[in-house]
Structures are given as C-alpha cells and as structure tokens.
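Here's a quick tour for anyone starting out with protein structures. Have a look at the model first, then read through the notes below it.

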Amino acid sequence: MKIKDRIIIQKYYLNVFNAVFLALGLMFLTFGLWLLFDRNNLSSVLFSSGKNQLAAFFSYILLGIGSVITFTSAMRLLGSVVEVKCLLVTYMSFQILMFVTHMAILLLIFAKKEEVHNQWNNRIDELISEYGNKSLAEQEPVWNILNAVQHNMECCGRYNVTQWERNKNKENGIQVPHSRTKSSLKKWFCDVPKNSTYRMGCEEHLNTWFENNVLILTAITVSLLITQIFLITLTGLLLGNIRKNIIWP
C-alpha cells in the first residue's frame with residue numbers, strides 16, 4: 001500500500017476516534033457546567049456543606065477536563081488536515097499527559113468512593129436536623145429538594161422514619177414533614193395519623209442512585225482511556241508516514 005493511501009486511512013480512523021473523544025469530553029463539560037450553576041439538584045445539595053464545597057470542586061475538575069479535550073481535539077483536526085507535524089506532536093503529548101491524568105482520576109474514584117459516600121450520609125442527617133428551622137430560611141430550596149426525594153421515592157429519613165424524631169423544629173413531637181406523608185399539603189410539618197406516613201428509609205434508593213452515578217462516571221473515564229490508546233497509536237503511525245511521505249513522496 002502506498003504511503004499516501006496509508007495517511008488517508010489513518011486520518012479517517014483518527015477522525016472517528018477523535019469524534020468519540022470529543023463527545024466524551026463534551027459530556028464532562030456539560031455535566032461540570034450543570035453541577036456548577038444548577039444548585040437545585042440532589043448532587044449539589046449533598047456535596048455542598050459549609051466550607052466543604054465538594055460539588056464545586058468536582059465541577060471545576062470536569063470543566064477542566066472537558067475544556068482540554070475540546071482544545072486538543074481541535075488541535076488534532078488542524079494538525080492532520082494540513083499535516084503539521086508540530087501540532088500532531090503537541091497533540092500526542094497532550095494525549096499522553098491526559099491519559100495519565102485520567103488514570104489518576106479513575107484511581108481517585110475508587111479510593112475516595114467510601115469517603116464521599118460517608119460525607120453524603122452525614123449531609124442528609126444534617127439536612128434532616130435543620131429542616132424547618134425558621135432562622136435558616138435561605139435553606140428552603142434545599143429542604144424542597146429533600147421533600148421531593150422523600151415524596152417521589154415514597155420514603156422517610158435516611159435509614160428509617162424514627163430519624164425525624166431528632167428534628168427539634170417541630171411544634172410538637174407528633175408532627176412529621178409533609179413529604180413523608182401521602183398528603184398533598186404544602187407545609188414543612190403537619191399532623192397526620194401514623195398509618196398515612198411512609199415508613200421505609202430513603203437510604204436504599206439513594207445508595208442505588210449513588211452507585212449508578214459512580215458507575216456512569218467510571219464508564220466514561222474508561223471509555224476515554226481506551227479511546228486515547230487508539231488516538232496515541234494512530235497519531236504516532238500518522239507522524240511516521242507523514243515523515244516518510246516527505247522523504248519519499
């Protein structure tokens with residue numbers, strides 16, 4: 001096969017894998033923007049507590065990765081179209097650096113998984129204790145999210161219904177948050193018979209949601225690593241054939 005034909009084929013496959021790489025990068029970028037600017041979601045609520053703004057930290061990491069992927073994808077497109085070796089070498093160097101970074105992120109996901117999960121549970125307990133406190137009116141959007149979780153999942157508290165007994169913001173001991181009932185009332189607390197409340201805790205549902213999100217993030221990271229292996233290999237082959245084509249056109 002002629003060198004020019006090899007270059008055409010390698011460019012084609014590079015474009016295919018680069019498109020996959022760019023799509024995965026845009027997923028990181030979109031998720032990072034959503035996590036950073038949309039505060040009315042469960043992830044932001046559970047990962048943000050006082051000075052510990054884990055949601056913002058994650059969003060900046062995702063935005064950084066997504067931005068670098070977008071930049072390097074554009075660099076690769078320009079480098080392969082005009083066959084500029086300098087751009088291709090720079091692109092390949094970026095890919096190797098990002099490969100190491102993604103490996104570190106993958107290891108970090110598994111290393112910090114339990115720590116993040118424990119922080120998540122502590123945050124839920126904190127929300128239940130603060131719920132309905134008139135001096136924390138700014139937390140009402142957060143309480144509304146907690147209400148939505150309990151109402152939609154038909155559960156109460158993190159581990160079971162008795163956890164709400166720790167809440168000191170009720171007018172009396174028998175009151176319950178409206179979201180743990182089958183009622184459509186729109187108050188923080190209400191008086192209802194015990195048999196009309198949800199008894200099961202939300203922990204099982206939330207754990208499933210947490211595990212699914214970790215699995216999705218892991219799958220995207222692994223897909224990036226596999227794609228990068230192909231991109232680094234194809235870029236190296238393309239560079240070699242471009243060099244040969246210059247010497248023996």
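Let's start with E211, which is partly exposed because its relative accessibility is 36%; "buried" means under 20% relative accessible area, "exposed" over 50% and "partly exposed" in between, using a 1.4 Å probe and protein chains only. This is a predicted model, where local features need pLDDT of at least 70 and side-chain atom pairs count only at pLDDT 80 or more, while totals for chains, interfaces and linings use all residues. Residues are numbered from 1 along each chain as its sequence is written, and side-chain values use heavy atoms, leaving out hydrogens and water.

**Salt bridges**

- The count here is two salt bridges, a salt bridge being a side-chain nitrogen of Lys or Arg within 4 Å of a carboxyl oxygen of Asp or Glu.
- E211 pairs up with K113, and their closest N and O atoms are 2.9 Å apart.
- That pair links distant parts of the chain, since K113 sits in helix 4 and E211 in helix 6 (residues 203-247), 98 residues apart; helices (H or I, at least four residues) and strands (E, at least two) are DSSP runs, numbered from the N terminus.
- K113 has 22% relative accessibility, so K113 counts as partly exposed.
- R123 forms a salt bridge with E126, again with 2.9 Å between the closest N and O atoms.
- Both R123 and E126 belong to helix 4, and they are three residues apart, about one turn of the helix.
- R123 is buried because its relative accessibility is 7%, whereas E126, at 27%, is partly exposed.

**Helix 4 up close**

- Helix 4 (residues 85-130) has a kink of about 50 degrees, centred on K112; the bend at a residue is the angle between axes fitted to the seven residues ending there and the seven starting there.
- After helix 4 comes G132, with a positive phi near 85 degrees.
- H102 is also in helix 4, and with a relative accessible area of 2% H102 is buried.
- What does H102 touch, not counting residues up to four places away in sequence? H102 touches I65, I69, T221, L224, L225 and Q228, where contact means heavy atoms within 4.5 Å.

**Aromatic pairs**

- A pair of aromatic rings is described by the distance of the centres and the angle of the planes.
- Three aromatic pairs are counted: rings of Phe, Tyr and Trp (its six-membered ring) pair if their centres lie within 6.5 Å, and planes under 30 degrees apart count as stacked, over 60 as edge-to-face and the rest as tilted.
- One of them is Y12 with Y13, an edge-to-face pair at 5.4 Å centre to centre and 75 degrees between the planes.
- Y12 is exposed at 52% relative accessibility, while Y13 is partly exposed at 43%.
- F71 and F94 are another edge-to-face pair, 6.0 Å centre to centre with 80 degrees between the planes.
- F71 lies in helix 3 (residues 54-81) and F94 in helix 4, so this pair ties together parts that are 23 residues apart in sequence.
- F71 is partly exposed at 46% relative accessible area, and F94 is partly exposed at 28%.

**A nonpolar patch**

- I9, Y12, Y13, V16 and V20 make up a nonpolar surface patch with about 450 Å² of accessible area together; areas come from the Shrake-Rupley method with a 1.4 Å probe, and for residues only the protein chains shown count as cover.
- Patches are made of residues with over 30% relative accessible area and no salt bridge, joining like charges within 9 Å and nonpolar side chains (Val, Leu, Ile, Met, Phe, Trp, Tyr) within 5 Å.
- V16 is in helix 1 (residues 3-37) and is partly exposed at 36% relative accessibility.
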